[in-house]
Amino acid sequence: MLEIKNLHVEVDGKEILHGIDLSLAAGEVHAVMGPNGSGKSTLAYVLAGRDGYAVTKGEILFQGKDLAAMSPEERAREGVFLGFQYPVEIPGVSGLSFLKAAVNEVRKHRGIKELDAMEFLKFVRAKLKMLEMGDDLLKRPINVGFSGGEKKRVEVLQMAVLEPRLAIMDETDSGLDIDALKIVSSGINALRGLDRSMLVITHYQRLLGYVVPDKVHILSGGRIVRSGGKELALELEEKGYAVLGADAA
Amino acid sequence: MSATTHALHLDRFEAAKAGLPGDARARADALARYAKLGVPTPKLEAWHFTSLKPLDEAALAPSDAKVAVTAATVAGHALSTSHAHHQLVFVDGHFRADLSRIGTLPKGVVLTGWSAAKSLPKDFLAEAADAGAMRVLNAAYAADGAILEVPAGVALAAPVHLMFLGASGAAHARNRITMGEGASATVLETYVGTGRYWTNAVTDISIAAGAMLKHLKLQTEGGEAFHTAATAAHVAAKGVYDSFVLSIGGKLARNEIDAVLKGEGGRVKLEGAYLARARQHIDNTTIIDHAAAHCDSEERYRGVLDDHAYAAFQGRIVVRPDAQKTNAHQLNENLLLSDRAEIGSKPELEIHADDVKCGHGATAGEIDEQALFYLRARGIGLEQARGMLIEAFVSELIDAIADEAIRDRFTASVGGWLYDAQGARRAA
Ligand SMILES: Nc1ncnc2c1ncn2[C@@H]1O[C@H](COP(=O)(O)OP(=O)(O)OP(=O)(O)O)[C@@H](O)[C@H]1O
Ligand SMILES: [Mg+2]
């Protein structure tokens, strides 16, 4: 599904990622952990194609295609989804009309019939139900005035609606209360499947108790310093980053 | 002397004046004043950002109203017939009863073109001593315009749509709106046209105590057109003047609003949006004069500028010595889509009272890169994402327009602009 090879990334002329290797097979869930400033969001952004995140060396293959050569919208249509650590507030654009436009772009790209307003509403309602959410947030302008937790829940909803092949969730668990964490986790679990891979960036073992990863990678100083099974997250929780040979931020 | 718009207006007056209705002396005086003032230049404070040289060089003579317009053209610019409204049509500034649909009016309401009116107000052509050149030129040549009188206590439920079609020459329409005590109405002026012509409109508004006028203007003149318009609104105690001006068309367009709060408890709200591209020049110049205490004014204009477009915003707020407890707020926000687009924004607060709350702000920024990336990261293409953000910027104002038919028309005009701008971008 995703092959990252010796990936070097520069932001504003400064190298942030110094050679990342990561291979995520179809259906797998990998967790990425690491201290503040270690480059987790940078990795997420470069996968999603944010301007200013330059790949200076190495490559990213997504389903065999060169991801770095695609625009952000092409990646999204191909099935890459980034759940933002800090979802952006967009005044004046209603969440519903935005999501409908997004869904239909993806469907058009996949050669599936676009949804009309009624079909879309039905489709979204089912996803809202799965995540135990009302539709009030979607009627408002995108993320405007949402609480931190509400923003994260809407990110997960968007993922559920867009049905990506690769979901990168950047600290989606931060800011969620305990109940919301359970609901969101079961939502994420419901979306796990043989043709969907996930890269879950988190600081907390708690999420990984619900969304059990196939692998855990520790990022530090722009490098993956250790990879292992789900026990690695537990070990980390107990001993902190320093013990693992990762420089604390 | 080579033909200029200025010279043509001076030269043609002798021949034209016999055919012009109303007070001949007032017209002659107005022309004399115009001759003295001449075409405004950026040397004048009020015209600091705008040169009318292209208008002068376009050599446009006063129009003679012989242009044929079909009902289909009018229908294309009309409000949706599923909403009741009163429609008056003017072609090159002349009332066309045959194209108008005034419909049934509440008792006592007068709504007509003045060429069809029983009588004209005496002071119809009167101009204040400090009136600008474009206003006095309009007084000299105005042959027609709309008259709306809503008597005391009457609420005119359906909006009045004044449609001005431009096709040739210079059109000097002169409109008068009179709201009696406690009366209310909604008036939409739209300006459209094709070809090279000049609209020079004047709209004078008087709002009696407790009356309310919602005044909307949609300026989508043709790409070769010139548009200068001056609106003056006098608001008595507890009166409300609520204005929204959407400027999209024209090669060079200037909209002036001069609102005076004359009685306590009055309110003025001036909102507007302008969208300009190519080499368009759009100027909004407003004055809000707080001449009485306990009045509120709120002003908010947003602009979107692409390509080489230039916009000017001059907002003057005057608070007279007696106007204590004034609340006055002004905000001008601009979205620059190209680094060659330019905005000249000048707030001017002239405050002579001490117990007031006044504030102003002006911003100019680019499209929010983070918002753009967020939309694109969900699969929405670059152009569509830009369009959504631009539309959102403007629709935050437009969505608050109460009248549905008018709001829809404004939204559609913004959509049309975006579509054209995207087309131009793709072609470039
Ligand atoms: N424009 C920039 N110029 C220079 N350095 C930058 C720029 N953007 C990010 N960085 C740096 O890159 C490093 C990695 O940032 P990143 O946001 O990827 O960290 P993170 O692992 O997501 O941290 P957190 O856990 O706090 O979210 C940080 O040291 C940050 O300061
Ligand atoms: Mg981060």
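The entries below go from conventions to the ligand, then to a helix, and then to chain B.

**Conventions.** I note that this is a predicted model, in which local features need pLDDT of at least 70 and side-chain atom pairs count only at pLDDT 80 or more, while totals for chains, interfaces and linings use all residues. Residues are numbered from 1 along each chain as its sequence is written, chains are lettered from A and ligands numbered from 1 in the order in which they are written, and side-chain values use heavy atoms, with hydrogens and water left out.

**Ligand 1.** I looked up the shell around ligand 1 and found 15 residues, of which Asp12(A), Gly37(A), Lys40(A), Ser41(A) and Thr42(A) come nearest; a residue counts as near if one of its heavy atoms lies within 4 Å. By class, the shell holds three nonpolar, eight polar and four charged residues, where Ala, Val, Leu, Ile, Met, Phe, Trp, Tyr, Cys and Pro count as nonpolar, Asp, Glu, Lys and Arg as charged, and the others, Gly among them, as polar.

I then checked distances from oxygen atoms of ligand 1: a polar side-chain atom of Thr42(A) lies at 2.5 Å, an N or O atom in the side chain of His203(A) at 3.0 Å, and one in the side chain of Asn36(A) at 3.1 Å. Taken alone, ligand 1 exposes 640 Å², and the protein buries 67% of that, with areas computed by the Shrake-Rupley method and a 1.4 Å probe.

**Helix H1(A).** Which elements supply at least two residues each to the shell around ligand 1? I found strand E2 (14-24) and helix H1 (40-48) of chain A, and H1(A) gives the largest share, three residues; helices (H or I, at least four residues) and strands (E, at least two) are DSSP runs, numbered from the N terminus. Nine of the nine residues of H1(A) are buried, so this helix is largely enclosed by the rest of the structure; buried means under 20% relative accessible area, exposed over 50%, and partly exposed in between, with a 1.4 Å probe and protein chains only. Among the buried residues are Lys40(A), Ser41(A) and Thr42(A). After H1(A) comes Gly49(A), whose phi is positive, near 95°.

**Asp289(B).** I placed Asp289(B) in strand E15 (residues 281-290) of chain B, and found this residue buried at a relative accessible area of 11%. Its side chain makes a polar contact of 2.7 Å with the side chain of Arg320(B); a polar contact is a pair of N or O atoms within 3.5 Å, and within protein one must be able to donate a hydrogen and the other to accept it, residues adjacent in sequence counting only if both atoms are side-chain atoms.

**Glu127(B).** Glu127(B) sits in the loop between strand E3 (110-113) and helix H6 (133-141) of chain B. Is Glu127(B) buried or exposed? I found it buried, with a relative accessible area of 16%, and its side chain makes a polar contact with that of Arg135(B) at 2.8 Å.

**Arg302(B).** I found Arg302(B) in strand E16 (residues 296-305) of chain B, buried at a relative accessible area of 5%, with a polar contact of 2.9 Å between its side chain and that of Glu333(B). Leaving out residues up to four places away in sequence, Arg302(B) touches several residues, including Tyr274(B), Phe393(B) and Glu396(B), where contact means heavy atoms within 4.5 Å.
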